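I opened the model today to look up two things.

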Amino acid sequence: MSRARPDTKTTSPLRSGSSTGAGDRVFRGLSRGAGIALLGIMAAIAAFLLIRGLSAIQGDSANFLTEQRWAPKDDPPTFGIAAIAFGTVLSSLIAMALAVPVAVGVALFISHYAPRRIAIPLGYVIDLLAAVPSVVYGLWGIRFLVPRLEPLHQWLGAHLGFIPLFEKSAAGSRTMLTAGVVLAIMILPIIAAVSREVFLQVPRDHEEAALALGATRWEMIRAAVLPFGRPGVISAAMLGLGRALGETVAVAMVLSPRNVISLHILNPEGNTIAANIANSFGEADDFARDALIASGLVLFVITLIVNASARLIVARRREFAGAAI
Amino acid sequence: MSVAPAPPKAPPHGSAPFGLHHRRLPRWAVPAVVVAAVAVAVALRGTGLLSGTAQLVLVAALLSAVGVVTVSATVEGGRHARNRLATALVGTAFLLALLPLLSVLWEVVANGIEKMTPYFFTRSMLNVGPLDDAGGLYHAMVGTLEQVGLATLIAVPIGLLTAIYLAEYGGGPLARAVTFFVDVMTGIPSIVAGLFVLSAWILTLGMNFSGFAGALALTILMLPIVVRSAEEMLRLVPNALREASLALGVPRWRTILKVVLPTSFAGIITGVMLAVARVAGETAPLLLVVFGFDAINFNPFQGEQSALPLMIYQENAKGLEFSFERAWGTALALILLIMALNLGARIIAYFYAPKNR
């Protein structure tokens, strides 16, 4: 293991020095052990979710992938992830559609519009959004936002109801749309923070060249900033998507759940994997808990794929990695 | 580059002459248009066409945008009009992002402030009936402090050693694998961390719900944050310091303990505090493995406990007037705790950052 790696900042002569002393061997072994322990934890997470989840899926009387209902305590147990997986994706897509344009605007404002002196404090203020715990967003969502979005729901239903997406056939505003709004607020800071870092790395020369040719500020941004920042913004959006997919309590508190596949985002129906776990856990027996673990396994796999693709895009542009917390 | 070379006489769009002396709007034009738009909106409300502040603001904003763009298009030409529209949109996006933050903070403070009494901080929820205006968050505060403290005790040594491995010994496939899986771990949804502890610790090993089980789940969420921030801090330590120590014949491990770690200490503490602030607000895993308990339980290893985020969730779920008040009060206490941790981290980072020494 004493191979030197040329691409790290620590230069190789330091590393190749033979660590012969007993103290060195112990310390090195300890730190290596910690790294291996971390890998072990990841392996254990995958293994335990798989073992408990698969045993539950075997006891399922319906097709786990296509069944919409979630009734593991029925006899025979009938449960599937079709409706909740659909709801997870739908709520996250609503959140993305709302959050990404605003977050890119925020990032542009901080990186290219605001005066330098106030840009950094403004960045901190947006980061504060990320420090608010999700349960507080949930409380604010259900107590403050839900009643205030009621008129919007009725207006959209009355005027745009001919579009299937906006068809409103049941009263109430504890809907997928409201859940999407809360999720959008929660993922906005991460998208804005990563995009801001990328926009700040646009080479000065490109911007000045565009301005020298007579471009307005917006033309400069379109010609120099946005093309350079596109991969960074995409990976930022996917990091946000990963967060939105796994968010639990805020959705569980805001959404009025009903396990059906439905595109009617103005109706109080639909459910997400994470919210279903939080809502059903209280009265679950041992088998029902295993069933919930099986749904958690699906969520784990979905977020893994989304996050890994985001990381791959980031890895191609190594310099963005610093911002991706 | 798609910027066309623009000779002074050929404007790409619009009819305004383009050149060094083309016409621009005077400075007062934009404020004037905005004032006019607000006036029109207020007048519209006077006639009863609009209701509510939200509609008023919306209509005023729309009218000003349309007004500014029209005026700019006629005087300055299409390109400048488009530029002004973009500026307006970017500014609106920023205000739009501030709105929920201000609203959340305002609602939490306004609804929770009356609970900020010594009584609320020193009582538990034991024997508090659903209709009683009584009880407090003492038991939840005890739970949160113990669970987060235990998680920190487990996550910091493992995370710090892993970071030392990556930054000081790294290289080779193992380090690359660890780096990759730290990234993967960052993306694990908190509920999945809770499900893992549930399946391994409670269902498979047969343990009971406890504060310690919650701490285990929080550890999984803290670990990647600690590793990432500590590794970055260790890499900031100048190599000359390591070389100087090694040249004096100090073994590597003593160099790390006596030179590298003290130099990056402030940064590492900042990272740890941010990680603590992050997990202190986690609800989902605690819901699965701590379960919530109304009485004070000082022992995190035995019996159920409560926690501040858990208490917010459960008080809200009771759906009664006094329980909502308690939920808001607890939310304010939790936000104060997290803001204090964040502020402390920033202060440490600001005053003790290596570059300021």
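My entries follow, starting with how the model is read.

**Ground rules.** I am working from a predicted model, where local features need pLDDT of at least 70, side-chain atom pairs count only at pLDDT 80 or more, and totals for chains, interfaces and linings use all residues. Residues are numbered from 1 along each chain as its sequence is written, chains are lettered from A and ligands numbered from 1 in written order, and side-chain values use heavy atoms, without hydrogens and water.

**Entry 1: helix against helix.** Helices here are DSSP runs (H or I, at least four residues), numbered from the N terminus. Helix 5 of chain A contributes Val135(A), Val136(A), Leu139(A), Trp140(A) and Arg143(A). Contact means heavy atoms within 4.5 Å. Among the residues from helix 13 of chain B are Phe324(B) and Trp328(B).

**Entry 2: domains of chain A.** I found domain 1 (17–58) and domain 2 (71–323) in chain A; the bounds come from an automatic or database domain assignment. Their centres, over C-alpha atoms, lie 32 Å apart. In chain A, 10 residues of domain 1 touch eight of domain 2.

**Entry 3: the bridge.** How many salt bridges cross the interface of domain 1 and domain 2 of chain A? The rule (Lys or Arg side-chain nitrogen within 4 Å of an Asp or Glu carboxyl oxygen) finds one. I also noted that Asp290(A) forms a salt bridge with Arg52(A), closest N and O atoms 3.1 Å apart.

How values were computed:
Helices (H or I, at least four residues) and strands (E, at least two) are DSSP runs, numbered from the N terminus.
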